[in-house]
Amino acid sequence: MPLTNRLPRLCTSLAACAATAAQAQPITWTPPANWLLYCVPVVALVGAVIAIWIIRSALLQAPNWSLADALSEPTDLPVYTETTDAAGNVTRSLQLGADGRPLLAPQMRASSSRVIALMGMVAILFLFIGFGALALFGLGSTGQVPEHMDRVVNFLVAGMTLFAPYVVNKFSALFQGLTGRK
């Protein structure tokens with residue numbers, strides 16, 4: 001059968017499908033019982049708090065873990081030699097390598113960018129959990145995600161700028177090998 005003969009039948013079939021879809025009854029949302037509307041977000045919030053508490057407890061019981069170490073990063077610092085004379089005076093002198101440059105030794109030092117990233121992560125985590133609870137309640141009560149939830153997503157994405165110092169620090173460490181310095 002040529003294509004020109006099939007085209008009117010196809011258009012008639014599509015029109016019939018469109019008319020049937022227009023006549024179909026819209027599905028109405030029946031919200032669950034009020035206790036369930038409140039129970040689901042509360043269970044999600046309590047579950048998140050319990051998970052955070054379990055992680056905190058496990059880290060406190062770990063013998064070789066500390067928050068200070070986790071927020072530190074290796075930094076190359078100059079090596080000094082301390083000498084004490086007969087009078088008890090301490091003199092510090094910078095150790096130099098064979099090339100005349102100061103010797104550097106890696107040491108763990110506190111990282112401001114990691115502290116900022118930690119604070120930002122905690123703040124965004126609680127905002128995310130709070131807005132998530134509101135979205136769950138709205139979805140349960142109306143059958144749809146709240147209308148302006150896209151604005152909340154934009155707000156949370158903008159809040160990720162708190163991580164910028166940490167990200168810049170990590171990228172600078174990646175490109176540090178390209179400069180030829182050690």
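This is a predicted model: local features need pLDDT of at least 70, side-chain atom pairs count only at pLDDT 80 or more; totals for chains, interfaces and linings use all residues.

A: Gladly. Helices and strands are DSSP runs, numbered from the N terminus.

Q: How many helices and strands does the protein have, and in what order do they run?
A: The protein has six helices and four strands. Starting at the N terminus, the order is α-α-α-β-β-β-β-α-α-α.

Q: Which residues does Val79 touch?
A: For this we skip residues up to four places away in sequence; Val79 then touches Ser93, Leu94, Gln95, Leu103, Leu104 and Ala105. Take Ser93 from that list: Val79 and Ser93 are 14 residues apart along the chain, and their C-alpha atoms are separated by 8.6 Å.

Q: What about strand β1? Where is Ser72, and is Ser72 buried or exposed?
A: Ser72 is found in strand β1, which covers residues 72–78. Its relative accessibility is 9%, so Ser72 counts as buried. A polar atom of the Ser72 side chain lies 2.6 Å from the backbone oxygen of Ala68. Beyond its neighbours within four places in sequence, Ser72 is in contact with Met108, Arg109, Ala110, Ser111 and Arg114.

Q: And Glu73? Where is Glu73 placed?
A: Glu73 is in strand β1. With a relative accessible area of 16%, Glu73 is buried. Its side chain makes a polar contact with the side chain of Ser111, at 3.4 Å. Leaving out residues up to four places away in sequence, Glu73 touches Gln107, Met108, Arg109, Ser111, Arg114, Asn169 and Lys170.

Q: How do strands β2 and β3 pair?
A: Two strands count as paired when DSSP finds at least two bridges between them. Strand β2 (residues 80–84) and strand β3 (residues 90–94) pair in the antiparallel sense over five bridges.

Q: How many aromatic pairs does a search of the whole structure find?
A: The search finds two aromatic pairs. In one of them, the rings of Tyr38 and Phe137 have centres 5.1 Å apart and planes at 45°, so this pair is tilted. The pair links distant parts of the chain, with Tyr38 in helix α2 (residues 34–61) and Phe137 in helix α4 (residues 112–142), 99 residues apart. Tyr38 counts as exposed at 52% relative accessibility, while Phe137 counts as partly exposed at 28%.

The rings of Phe131 and Phe155 have centres 6.4 Å apart and planes at 80°, so that pair is edge-to-face. This pair also links distant parts of the chain: Phe131 is in helix α4 and Phe155 is in helix α5 (residues 149–159), 24 residues apart. Phe131 is partly exposed, with a relative accessible area of 25%, and Phe155 counts as partly exposed at 45%.

Q: Which charged residue sits over the ring of Trp53?
A: The charged end of Arg56 sits over the Trp53 ring, 5.0 Å from its centre. Look also at Arg92, which lies over the face of Tyr80 at 4.1 Å from the ring centre.

Q: Back in helix α5, is Val152 buried or exposed?
A: Val152 is placed in helix α5. Its relative accessibility is 15%, so Val152 counts as buried. Val152 and Gly132 are 20 residues apart in sequence, and their C-alpha atoms are 9.9 Å apart in space.

Q: Finally, what does the protein look like as a whole?
A: Buried residues make up 11% of its 182 residues. Of the contacts with a separation of 6 or more, 69% are between residues 24 or more positions apart. The accessible surface comes to about 14,300 Å², and 68% of that belongs to carbon and sulfur atoms.

How values were computed: Residues are numbered from 1 along each chain as its sequence is written. Side-chain values use heavy atoms; hydrogens and water are left out. Helices (H or I, at least four residues) and strands (E, at least two) are DSSP runs, numbered from the N terminus. Buried means under 20% relative accessible area, exposed over 50%, partly exposed in between (1.4 Å probe, protein chains only). A polar contact is a pair of N or O atoms within 3.5 Å; within protein, one must be able to donate a hydrogen and the other to accept it, and residues adjacent in sequence count only if both atoms are side-chain atoms. Contact means heavy atoms within 4.5 Å. Accessible areas come from the Shrake-Rupley method with a 1.4 Å probe; for residues, only the protein chains shown count as cover. Rings of Phe, Tyr and Trp (its six-membered ring) pair if their centres lie within 6.5 Å; planes under 30 degrees apart count as stacked, over 60 as edge-to-face and the rest as tilted. A charge sits over a ring if NZ of Lys or CZ of Arg is within 6 Å of the ring centre and within 35 degrees of the ring normal.
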